[in-house]
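Work through these exercises with the structure open beside you. Try each task before you read its solution.

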Amino acid sequence: YIYIYSSSSKFVSVKVKRFSNFYLDKIFNINKSGDATMNTSKIFRSASVLGRQYVKQNARSMSTAARVVSKGNQWQKAAGLVGAAGVGLTMIGVMGNSTENSPSILDEINERLIRIEGLLTSYKSMLDTIEKVKKDYPGNLMAKHFDVAYFASLKPELQARLAKIIKSGVDNPDSGMGCYAMNPEDYDLFKPYLDAVIRDYHKINGEVHHVTNWDLSTQKDKLPADGKLDVTKLGLPTLSMRVRVGRNLANYPLPGAMTKEDRLNMEKDMIKAFKKLIADPAYGGTYYSLTPGTEYSISDEKYKELVKAHVMFKDMAADSYLASAGIASDWPYGRGCYQSADKQFIVWVGEEDHLRIMCMKKGTVLNEVFDRLRDACDVVEKNASKFAHSKDYGYVTSCPTNLGTGMRASVHIKIPNLTADGTEKKAKEVCKPLGLSVRGVGGEHTPIGADGTVD
């Protein structure tokens, strides 16, 4: 039989006793400072011995022992998980010489021990940082909702995946979100954790089930009588209007987990799709690639020109949040943008999401850019590949802030009084309660216009 005992919450020891007086002592020691040691060679030796016996697992759940230590700091919780593993082991009786059920049970025991070892060693620094971020940066949603017990319950390979998802928030404690999904299925796979983060950010109560609806006629109660969103009726002049969505291809990892080869292959797939658009008189235009050596590669001078014109995105390597998430890796390979002949339809390739599809024009009726974007999304998906989608959260994006529609709609507008100090600080204070965001004319982290123009 295998026994578990604890002399205090600071020390956990496991002892194995067989009829042949085989002992396994002190698998884990956890001292006051949180240091942990384990004798893995003895663990595997004992597992080998047990593997030659008939093993029958009692149906009693281990969860009771885990709940006993659900409160307290991370190391007390870790100690409790060891205790939970021990309770599970005590349920195993060593009888006879059959090996009928032993492989699966011993594999499970071994997996739990490896999981705990990783928690106490590989992730100690990360867990310590998260505890500190929780206290110092309460607005960091990654840290706010992080649960050590849930993390410890995951298999080692899933722990590694979740660690990558939260890495940006760990490295950048001032993050508002702090999470970036690495694969299209992450939101469903890690739902017990990410669902709380998503609900908090998007202010969701009740069931989460996003339905994308492009039909403005279904929102008649929120529109003018003629159904047109005409800004001249608000006394505004012609404005620069832009609507964009983030989309990801279902057959590739999300940008944070992509290899250089993935990025290059995805760009090649998109170039095939763009060639169809370029040949279509309704779109035309061209593709600009930042990848060296392609038929669409551009010079540094052309790249700077496109960035200045707000057609191309900036060098992502300079963004610490995207760099930590792995999204900026392999720059500039696999990056570029398509622009239609009328310059009003643009698709970014390889930024925060695989694709940022946007429509823009100077005008007064917002419906015009909205309707064209709907058609553009259909055309891109038809010619490229199926977009990643979650049954609960809608269109999948790298950052949980963009989940659902993946949409952001904006106009450039002059507000000289609210920006009299040369910043958008006052404008943000006024707009935030209205559910509006304020950015510089070039987007997030860019300066406002000299005349008070903001996005």
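Predicted model: local features only at pLDDT ≥ 70, side-chain atom pairs only at ≥ 80, totals over all residues.

**Exercise 1. The chain as a whole**

Task: State how many helices and strands the chain has, and what share of its residues is buried.

Solution. 
- Step 1. Count the elements. The chain has 15 helices and 16 strands.
- Step 2. Turn to burial. Of the 455 residues in the chain, 45% are buried.
- Step 3. Look at the contacts between residues at least 6 apart in sequence. Of these, 65% join residues at least 24 apart.

**Exercise 2. Helices α11 and α14**

Task: Describe how α11 and α14 pack, and name the residues that make the contact.

Solution. 
- Step 1. Recall what is needed. Two packed helices are described by the angle between their axes and the distance between the axes.
- Step 2. Locate the helices. α11 covers residues 260-279, and α14 covers residues 366-383.
- Step 3. Read off the geometry. The angle is about 125°, and the axes are 9 Å apart.
- Step 4. Classify the angle. α11 and α14 are therefore oblique to each other.
- Step 5. The crossing of α11 past α14 is right-handed.
- Step 6. Name the residues. α11 supplies Met270, Ala273, Lys276 and Leu277, while α14 supplies Val379, Val380 and Asn383.
- Step 7. Sort them. Five are nonpolar, one is polar and one is charged.

**Exercise 3. A closer look at α14**

Task: Check the length of α14, then find which elements its buried residues pack against.

Solution. 
- Step 1. α14 has 18 residues, and at 1.5 Å a residue they should span 26 Å.
- Step 2. Compare. The end C-alpha atoms of α14 are 26 Å apart, which agrees.
- Step 3. List the buried residues. They are Asn367, Val369, Phe370, Leu373, Ala376, Cys377, Val379, Val380 and Asn383.
- Step 4. Find their partners. The buried residues of α14 pack against helix α11 and against the strands β8 (239-247), β11 (345-349), β12 (355-363) and β15 (407-414).

**Exercise 4. Helices α5 and α8**

Task: Repeat the packing analysis for α5 and α8.

Solution. 
- Step 1. Locate the helices. α5 covers residues 124-136, and α8 covers residues 156-171.
- Step 2. Read off the geometry. The angle is about 50°, with the axes 11 Å apart.
- Step 3. Classify the angle. α5 and α8 are therefore oblique to each other.
- Step 4. α5 and α8 cross in a left-handed way.
- Step 5. Name the residues. Met126, Thr129 and Ile130 of α5 meet Ala163, Ile166 and Val170 of α8.
- Step 6. Sort them. Five are nonpolar, one is polar and none is charged.

**Exercise 5. Buried or exposed?**

Task: Decide whether aspartate 186, alanine 409 and lysine 362 are buried or exposed.

Solution. 
- Step 1. Set the cut-offs. Buried means under 20% relative accessible area, and exposed means over 50%.
- Step 2. Take aspartate 186, in helix α9. Its relative accessible area is 1%, so aspartate 186 is buried. Leaving out residues up to four places away in sequence, aspartate 186 touches Arg161, Ile165, Ala181, Lys191 and Leu194.
- Step 3. Take alanine 409, in strand β15. Its relative accessibility is 54%, so alanine 409 is exposed. Beyond its neighbours within four places in sequence, alanine 409 is in contact with Arg242 and Val243.
- Step 4. Take lysine 362, in strand β12. Its relative accessibility is 69%, so lysine 362 is exposed. Beyond its neighbours within four places in sequence, lysine 362 contacts Thr238, Leu239 and Ser240.

**Exercise 6. Backbone exceptions**

Solution. 
- Step 1. Most residues other than glycine have a negative phi, and most peptide bonds are trans.
- Step 2. Examine the bond. Tryptophan 331 and proline 332 are joined by a cis peptide bond, with omega about 5°.
- Step 3. Examine histidine 310. Histidine 310 lies in the loop between α12 (300-308) and α13.
- Step 4. Examine lysine 343. Lysine 343 is in the loop between β10 and β11.

Technical notes. Residues numbered from 1 in each chain as written. Heavy atoms only, no water. Axes fitted to C-alpha atoms, helices over the stretch in contact; angles between N-to-C directions. Helix = DSSP H or I, 4+ residues; strand = E, 2+ residues; numbered from the N terminus. Parallel < 35°, antiparallel > 145°, perpendicular 65-115°, else oblique. Left-handed = near helix turned anticlockwise from the far one by under 90°. Contact = heavy atoms within 4.5 Å. Nonpolar A, V, L, I, M, F, W, Y, C, P; charged D, E, K, R; others polar. Expected span 1.5 Å × (residues − 1). Buried < 20%, exposed > 50% of the residue type's maximum accessible area, 1.4 Å probe, protein only.
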